[in-house]
Amino acid sequence: MNGELFPPVAGEREALGRCAFVLRGFALPYVDALLPAILVIEQDAPFRHMVTPGGFSMSVALTNCGALGWTTDSRGYRYAKIDPDSGRPWPAMPAAFDRLAREAAQAAGFSGFEPDACLVNRYQPDSRLSLHQDKNERDYDAPIVSVSLGMSAVFLFGGHERADKAMKVPLYHGDVVVWGGEDRLRYHGVMPLKEHPHPLLGSQRINFTFRKAG
Ligand code: MD3
Ligand code: FE
């Protein structure tokens with residue numbers, strides 16, 4: 001109700017579904033540790049626009065850290081231990097990332113979350129992510145933890161069928177969303193990013209998604 005008019009208050013917890021929660025501002029205490037860690041990751045594994053199996057270049061640029069990284073190419077979507085661009089393993093998961101993911105999962109009621117993959121998405125103005133399900137992980141029992149930094153975006157939270165009406169949820173710098181259980185396979189996406197430069201990150205939005213992929 002107030003989400004569209006006023007930014008939410010840090011510390012609030014909003015339920016999007018029975019097993020999906022927005023933790024407003026949960027990542028704010030971690031930002032000073034996260035930003036330099038992103039620079040370290042991108043030195044080793046730069047952001048790149050991958051190509052979908054359908055032949056389209058993604059408007060979102062991505063990289064990964066952790067034991068497994070999400071990739072796409074003409075042959076399909078999958079998790080891989082090796083960065084296809086460098087031929088080396090993905091950079092290690094920084095300690096601050098791992099701590100944030102576990103504590104956010106715990107705060108949303110999912111204890112014992114042990115992520116082995118962190119997909120880092122970078123959105124610039126007009127970048128979008130069309131409705132999809134996350135189905136490349138081995139184990140759907142583990143939750144997914146998502147962290148938003150920089151410019152805000154409108155997240156689309158749909159149902160179990162692509163045609164189900166999607167809820168629009170604005171996500172702001174520092175917000176964390178945790179999805180599990182019956183909400184784990186919902187369709188979701190991100191509306192085209194509007195240009196409202198962020199004081200720390202400028203004209204971009206960075207999103208981490210922590211997963212147990214292997
Ligand atoms: C809802 N990323 O990388 S994270 C993705 O903001 C992805 O970059 C978006 O969707 C982003 O696959 C959204 C939030 C997210 C992640 C997994 C979900 C939402 C989800 C799984 C089930 C339902
Ligand atoms: Fe997704």
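Predicted model: local features only at pLDDT ≥ 70, side-chain atom pairs only at ≥ 80, totals over all residues.
**View 1. Strands around ligand 1.** β6 (117–123), β7 (129–132), β8 (144–150), β12 (188–190) and β13 (205–211) each put at least two residues into the shell around ligand 1; strands here are DSSP runs of E, at least two residues long, numbered from the N terminus. Residues are numbered from 1 along each chain as written, ligands from 1 in the order written, and side-chain values use heavy atoms, leaving out hydrogens and water.

**View 2. The shell around ligand 1.** Ligand 1 has 19 residues around it (a heavy atom within 4 Å). N121, Y123, R184, H188 and R205 are the closest.

View 3. Oxygen atoms of ligand 1 lie 3.0 Å from a side-chain N or O of H188, 3.2 Å from one in H132 and 3.2 Å from a polar side-chain atom of N207.

**View 4. The largest pocket.** Ligand 1 sits here, with more than half of its atoms within 2 Å of the grid points. A pocket is an open set of points on a 1 Å grid over the protein atoms alone, where a 1.4 Å probe fits and protein lies on both sides within 12 Å along at least five of seven lines. Its lining (residues with an atom within 4 Å of a point) counts 40 residues, with M58, L129, S130, H132 and D134 nearest the centre.

Technical notes
Polar contact = N/O pair within 3.5 Å; in protein donor to acceptor, adjacent residues only side chain to side chain. Helix = DSSP H or I, 4+ residues; strand = E, 2+ residues; numbered from the N terminus.
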